[in-house]
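Me: Hello! I would like to learn how to read a sheet and then a single residue. Could you take me through it?

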Amino acid sequence: MGLTRNKRKTDPEIVIARDTDSELSSSEEEDEEANYPSSESDEEDEAVKNGGKIELEKKNAKGKTPITVKLQKVCKVCKQPGHEAGFKGATYIDCPMKPCYLCKMPGHTTMSCPHRIVTGHGIVPSSHRNTKNSIDFVFKRQLQPRIPPIKPQYVIPDQVHCAVIRYHSRRVTCLEFHPTRNNILLSGDKKGQIGVWDFAKVYEKSVYGNIHSVQVNNMRFSPTNDDMVYSASSDGTVGYTDLETGISSSLLNLNPDGWQGATSWKMLYGMDINSEKGVVLVADNFGFLHMIDHRSNNRTGEPILIHKQKVVGLDCNPVQPELLLSCGNDHFARIWDMRKLQPGGSLNDLAHKRVVNSAYFSPSSGTKILTTSQDNRIRIWDSIFGNLDLPSREIVHSHDFNRHLTPFKAEWDPKDTSESLIVVGRYISENYNGAALHPIDFIDSSNGQLVAEVMDPNITTITPVNKLHPRDDVLASGSSRSLFIWRPQEKAEIDEEKKDKKIIICSSDSKKKGKKQKRGSDDDDDDDMFSSKGKNIKMNKSQAKTTKSTRKTKT
């Protein structure tokens, strides 16, 4: 598979806002800590990393016999001596006592894994069951003609058009485009804040910190008022927020008595809106589904147990409003009939080997299913009317990590009429001209082939949150605390001829609407801990520098 690299001809201007002397960003604090003299334990750790045996002689004031310490390499994975495992720059070294980290199969390492270069695994045809029912009739006569027999040419947003660096105080957890205004992007973070950014004007941005107390897990716009947004949080509440004023009301609170211990604390993760039924659906960490009537904004019905463990995703079918797709930590994605919601009453149970991070119906016909699992597999079912015992395809992809990271989720391109293009961030880094970068992958789900991988040399952190625009050729990415807007190279250059686009770095004292930002030990950026050891973003605040984006495409 040949890969070619295209570089941006016109670079965006970078505008940097100076931080105040009283407050430092978390990245600067890390830089200051790096200048402190290393302790004796740090010297020992360095010796372990170097893989040799050293002797440390420590003499006290009385001149006693020096202490000799012999250090030996110990694997961080299996805890056995004699070998190492983990990342060295952009290279991941497997533990020889474990299967391949990428495909989870024994006999080879990640560097020699055949799926590292060629995606796809265990591709099997999807049989079509002869159902002879009304739903199958609707599929054949109304839904199937919507899918063109010839795939349209993919348009890949491969150039960073504009960005806001350190926009949030904690890592980005979810993104959502405005349903009618193309240039408005909503973002939620781990601290419970919701950001509203007009990326056409770049500088017009707001962060509301008075909505939730902890992590925002999902957001959906109101179907009746596009200035209002619903949000589900780990504080157990559903917020209903006016984006113009930042005024929010709580529609559902699962913890009215406050903190009573970890065993009873309820958190909301999965969320979606069924406009036909007139309900907002949210699911908690105990496996229960809750419903809110979005016309009256009042809770309706009783909670229904749909999973044995945490429910992380809900998705309503875009064509058949009775169908609901859920996924959770019990290793299952389940299809439900909303007219017959009851414990154990799912229509189909799609089994996975590990936790299912996300599950989505295809955006146009609603007949396909896309899931992302922690076993480094992306699975596709080509027809919800066929045999769902096995997926139509399994695609091996590196996303097996969610500690200190927002879980990776493969999502459909809502503009692709063939319902085949998906986008997902990559965990394992690759070496690009000496820099360790984590690309964003575009994959053809119909055959498992890699269409394109896009990256920017200045984005050295992992990018697990990605959202394709429903109407424009735009990709929004959340990497660490920062937001990036990608556009196709040709279109980005035309736009820049009309008006220079900016990449701004937020100062720590920037004005924010709502609750004032509080700093503490919990505000350190988690994603920065796992950024590659390649070239980090370090910029002189008194001057601007240019950036270059790179894309690899299949030829």
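Reply: Gladly! Strands (E, at least two residues) are DSSP runs, numbered from the N terminus, and two strands pair if DSSP finds at least two bridges between them. This is a predicted model, where local features need pLDDT of at least 70, side-chain atom pairs count only at pLDDT 80 or more, and totals for chains, interfaces and linings use all residues. Residues are numbered from 1 along each chain as its sequence is written, and side-chain values use heavy atoms, leaving out hydrogens and water.

Me: In what order do the four strands of the open sheet run?

Reply: Strands of a sheet pair through backbone hydrogen bonds, either parallel or antiparallel. Here the order is β14-β15-β16-β17, with antiparallel pairing. β14 (268-274) and β17 (298-305) each have a single partner strand, so one side of each lacks a neighbour in the sheet.

Me: How many bridges link β15 and β16?

Reply: Five bridges join β15 (residues 279-284) to β16 (residues 288-293). Within this pair, V280 stands opposite I292 in β16.

Me: Which side chain makes a polar contact with that of N466?

Reply: A polar contact is a pair of N or O atoms within 3.5 Å; within protein, one must be able to donate a hydrogen and the other to accept it, and residues adjacent in sequence count only if both atoms are side-chain atoms. The partner is S477, at 2.8 Å. The side chain of N466 also reaches the backbone oxygen of T463 at 3.1 Å.
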